[in-house]
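Here's a quick tour for anyone meeting this structure for the first time. Have a look at it, then read on.

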Amino acid sequence: DLVDWYLIDNGIFIDSAFMGELRVNQRSEDYIENNIFPLEKLRSGFTNTILLRLVNTEQIVIPLRVDRLSALQGTNSTRRFVFGIYTGIMLVMFLYNIFLAFSVRERIYLYYLGHLIFAWLTQAAFQGIAAFYFWPGSDYLSEIGFTFSTCMVSILGILFMRGFLQTSTHLNWQDKVLQALVAFYTVAILLTLAGSAKAAFAVVLPMQALVAVFILYVSVYLVIKGSRQARFYLIGWASLFIGIAIYVLKDFGILPYNNLTNYALQAGTALEVVLLSIALADRINILEDEKRSLVARQKEELQREVNLRTAELRNTNQSLEKAYNDLKSTQSQLINAEKMASLGQLTAGIAHEINNPINGIINYAQILIDSPQPEPHAHFLRCIIKEGQRSAGLTKNLLDFSRKRQESPEPVSVPTLFKSCLE
């Protein structure tokens, strides 16, 4: 934040310079980024003393390098070039995923886009570029910028992880820990905005290492459980984890300070964003597969339902067909019964009409036989009466048939039956 430079020669003050993010309006861009101090007033052959006063909110390692101005400016050009590539990658990923966000309309894409923006802003604040371009001369924003961005990128990263890996469904206590971490970073943001950025960063910095290890553990745990999405997330997070590890080891002097270790954090962040974008694209394929599988299951269920309804309709059709055949049979029987009733009525009418003249014949023959008649004539009259009574019995039987009277057995004299037949 503040870098004060003093040149002393044998106890005599020679020169001074005051730089840092909080003094961005006092020097050019080259001086701001790498805090380049002029050494023209050093006297050759004499002992010169240089004093540095450093004030910074976050923990930082300050490498010192003595070189020609052109070489130091070339280093700044390289840093700007690398950060430009980094910015280009982040911009491409942002535009690509904002298109997907509008297409898919899922909340995790908003978390991812926010994570991407604040990851880039964190790097810009860390490199001193944000203070020079975004909030020049603002002591408050320069003080809280890095801590605020770090907390926001952590919150959005955790929210993205919970949504992408569906930890609320697949995990128990691990998901509760992730929720507690979101609350922790929220409190740190409130402290930062209240003006306690140094205290907030002092708590956040050691917590970052624990959070990184815990997220790595959750990712590995879900991969072991067979989560396809967790594999992509693990690869992306591992790239960032490696970048952070290289950068931290460089700050502790375990790894040398060079371009590889200096830009490891930016490379890890960019690689993480790219891999998470690929994971989101693969998630769309997973959703499409699940959609096709769901459609196939619904189609099978629908087919089973159709087959069941078809069988029911077939059974109903067979029942209706049987009922129809029974109805036709009943109708035929009714028609036959109606015909028989009509025939009975016709027969009854005919029998009635025949019975009247027969009764007349019998009556007349009876009158004749009651008067004295010669024997041959009397015999013929008795035959006429007998056959008339026989015809009357036939008509009576026809009437009984037409009236559907119930027959009843009567005693019959066998000799009389044979005699009647012989006559």
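Which residue just after H5 takes a positive phi? That's Gln166, with a phi of about 55 degrees. Keep in mind that this is a predicted model.

## The whole chain

Let's start with the big picture. The protein chain has 423 residues, and buried ones make up 34% of them. Its secondary structure comes to 13 helices and three strands.

How do the parts of the chain touch? Take the contacts with a separation of 6 or more: 67% of them are between residues 24 or more positions apart.

## Helix H5

Helix H5 covers residues 139–165, so at 1.5 Å a residue its 27 residues should span 39 Å. The C-alpha atoms at its ends are 39 Å apart, which agrees.

Now for the surface. Leu39, Leu42, Ile50, Leu52, Leu54, Ile62, Leu64 and Val66 make a nonpolar patch of about 730 Å².

Where does Val66 sit? You'll find Val66 in the loop between strand E3 (48–55) and helix H2 (69–104). Val66 counts as exposed because its relative accessible area is 71%, and the cut-off for exposed is over 50%.

Notes: Residues are numbered from 1 along each chain as its sequence is written. This is a predicted model: local features need pLDDT of at least 70, side-chain atom pairs count only at pLDDT 80 or more; totals for chains, interfaces and linings use all residues. Side-chain values use heavy atoms; hydrogens and water are left out. Helices (H or I, at least four residues) and strands (E, at least two) are DSSP runs, numbered from the N terminus. The expected span of a helix is 1.5 Å times one less than its number of residues. Patches are made of residues with over 30% relative accessible area and no salt bridge: like charges are joined within 9 Å, nonpolar side chains (Val, Leu, Ile, Met, Phe, Trp, Tyr) within 5 Å. Accessible areas come from the Shrake-Rupley method with a 1.4 Å probe; for residues, only the protein chains shown count as cover. A salt bridge is a side-chain nitrogen of Lys or Arg within 4 Å of a carboxyl oxygen of Asp or Glu. Buried means under 20% relative accessible area, exposed over 50%, partly exposed in between (1.4 Å probe, protein chains only). Contact means heavy atoms within 4.5 Å.
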